[in-house]
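Please look over the structure before reading the points below.

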Amino acid sequence: MQVSSLNEVKIYCLSAGRSLPEWLSDRKKRALQKKDVDVRRRIELIQDFEMPTVSTKIKVSRDGQYIMAVGTYKPRVRCYDTYQLSQKFERCLDSEVVTFEILSDDYSKIVFLECGRFVEFHSQHGHYYKTRIPKFGRDFSYHYPSCDLYFVGASSEVYRLNLEQGRFLNSLQTDASESNACDINPVHFLFAMGTAEGKVECWDPRTRNRVGILDCALSSVTADTEIDSLPSVTALKYDGALNMAVGTSTGQVLLYDLRSSSPLIVKDHHYGLPIKSIQFHRQLDLIISADSRIVKMWNKDTGKIFTSMEPEHDINDVCLYPNSGMLMTANEAPKMNIYYIPVLGPAPKWCSFLDNLTEELEENPESTVYDDYKFVTRKDLENLGLAHLIGSSLLRAYMHGFFMDIRLYHKAKMMANPFAYEEYRREKIRQKIEETRAQRVQLKKLPKVNKELALKLIEEEGEDQQVAKKRKHKNLPNLLKDDRFKVMFENPDFQVDEQSEEFRLLNPLVSKISEKRKRKLKLLEELETQEQEDEEEREGKASDAESSESSDDEKGWVEEVRKQRKLLRQEEKVKRQERMKEDQQTLLKPQFFEIKEGEEFRSFKDSAKKQKLMKKTLGDRLKLEEKLGTLNVSDTTVGSKQATFKLKKSEQQKKQQEAEKQHRRERKTLRRSANHLKSKRGRGRLFH
């Protein structure tokens, strides 16, 4: 039994059994079956469930008791009884079967559409009747209310054969040149046919009139699809009264609601191969679509892949056993595959033991291997010194390597590496030593950068875990294990500078705590070098000392801040004295400056002020401008800032303004004097 898994969905291939090399003769296979117990015990669910060369179609009767398959060569049909788990009968035919349909609940009424335009009817005893249709047929459907067979094929007509009257009726004339697939809805019996032009025509059997057309070729082309020719419809299947799935020759599956002309979803197989079969699984809302290479199961609402299967040989047909998780495929190979997927449903009642078997396999998973043969590559042969055997009967070429007898492989390996047992023994001893070391107390490996910070985080993590256990809270994430902060403990640029002013003022008690952590770091380094076993005692002493002094540290927080500030002031004084000494020692040299055109030289102080002002940041300059009164910053009602500036005036503008003011003053004085003289003259005239 071969087991595969995709998207955590287990798929059991019941027809695979334990694999044997294909190039073994029948005599050697029989000898292996006699000698090997595993080969004899491999699962053969249905006896002789195969065809001589190729199987083309496979179906299950409505009562679920019989499985019928057709294939070649010679063209034949085989019926298997599931209650007996064996073949019931086999009938040979005159030509290859294109498709067939089981009309009754069991195998008593069967219709075969053959390659040579023949339609053959079989009853329970065997061949019953044979007739021909005018053109080569590709598919047909049975209309139960009227007992009519609808045949589509290499013609624009749909041929109707009435089984009650035993004669052909008037055919349906369509607009298509050829038709590939057809189906009849089981609820309202609407007949649908897929054409070579990529359209689906729907006909009402009661009035024999066309009621609608769907253009699937245009809807199947999306932005991601690449097509070389016009897509044609190759598969058609109804689901209930309103849903219909259409498969195209370019590998797309379109799901339609009959009330809409646009598809609900378009699923692409991405192989560019024609869709050969479409099935519905109503319990899980899945669509099972298959081309010649892969069987895909996907959700019909979202299009998300549920699982998929890729057999070794090309697929011709897929059949889903009703109300179960069993799936059967007809392949381009003698053996017909049987798959069991427990997620889809239980095993059929005639093989209910599969449920217990799969449960045991899940408990004890095993892989299929070749016990008597060893697969080796060309490089392995060169290492073993057997490259000269290539082309001889001792090596059998297969894929990218060779199969060789396992006994020859073991002998060659012993000769090539006689000390292999010693190496194996050393490896086992090393594993045992590592297992015993794992039981010891594990040393805390600290990073190279920010060791004290890492130690602090480890201590806090231990305290948080204890609190979480007491309060039953979830543990918070650790920064040491977080990839986002990984660089902080690897890159030296992120090293914390404990001597900086900001660090010392924000962490006033860091000096005492850092000393304690430094002691711990020294202890850890000694433990790593000496590998002593008394690590817990030393670390316990350090942690006890820290816990005993924690209350004193909290009380002396203010004093420690004052001490740190005094130390910072003293360090600043020392730095100033050093700068003064350096300034005294340096000799001043004369420097020459160039004045730009249009500027007047006043003093060195103005230029120095300008240079200092230019070195300041924008925020400092704005504060200075606000103090001088040239800048006004205010809040608006909206919540933003509003700034008003007063531009500085040059010397020429100032002189010009002063001249204008002087001119205005002179004019005012002249006006006043003129008005005074006029008033004096008026008084004199009145007096005379």
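A salt bridge here is a side-chain nitrogen of Lys or Arg within 4 Å of a carboxyl oxygen of Asp or Glu. The model is predicted: local features need pLDDT of at least 70, side-chain atom pairs count only at pLDDT 80 or more, and totals for chains, interfaces and linings use all residues. Residues are numbered from 1 along each chain as its sequence is written, and side-chain values use heavy atoms, with hydrogens and water left out.

**Salt bridges**

- The search of the whole structure finds 15 salt bridges.
- One of them joins Asp257 and Arg259, at 2.9 Å from N to O.
- Asp257 is buried, with 12% relative accessible area, whereas Arg259 is exposed at 65%.
- Glu90 is partly exposed at 33%, while Arg78 counts as buried at 11%.
- Arg76, Arg78 and Glu90 are linked in a network of salt bridges.
- Arg430 and Glu427 meet in a salt bridge at 2.3 Å, N to O.
- Both lie in helix α7 (residues 420-438), 3 residues apart, about one turn of the helix.
- Arg430 is partly exposed at 38%, and Glu427 is partly exposed at 34%.
- Helices (H or I, at least four residues) and strands (E, at least two) are DSSP runs, numbered from the N terminus.

**Positive patch**

- A surface patch of positive charge gathers Arg562, Lys563, Arg565, Lys566, Arg569, Lys573, Lys575, Arg576 and Arg579.
- Patch members have over 30% relative accessible area and no salt bridge, and like charges are joined within 9 Å.
- Each charge is placed at NZ of Lys, CZ of Arg, CG of Asp or CD of Glu.
- Lys573 lies in helix α12 (residues 557-585) and is exposed at 55%.

**A buried loop residue**

- Ile46 is in the loop between α2 (37-40) and β3 (54-60).
- Ile46 is buried, with a relative accessible area of 3%.
- Ile46 touches Ile67, Tyr80, Leu85, Ser86 and Trp350, not counting residues up to four places away in sequence; contact means heavy atoms within 4.5 Å.
- Ile46 and Tyr83 are 37 residues apart in sequence and 9.9 Å apart in space, C-alpha to C-alpha.

Notes:
Patches are made of residues with over 30% relative accessible area and no salt bridge: like charges are joined within 9 Å, nonpolar side chains (Val, Leu, Ile, Met, Phe, Trp, Tyr) within 5 Å. Accessible areas come from the Shrake-Rupley method with a 1.4 Å probe; for residues, only the protein chains shown count as cover. Lys and Arg count as positive and Asp and Glu as negative; His and the chain ends are not counted. Buried means under 20% relative accessible area, exposed over 50%, partly exposed in between (1.4 Å probe, protein chains only).
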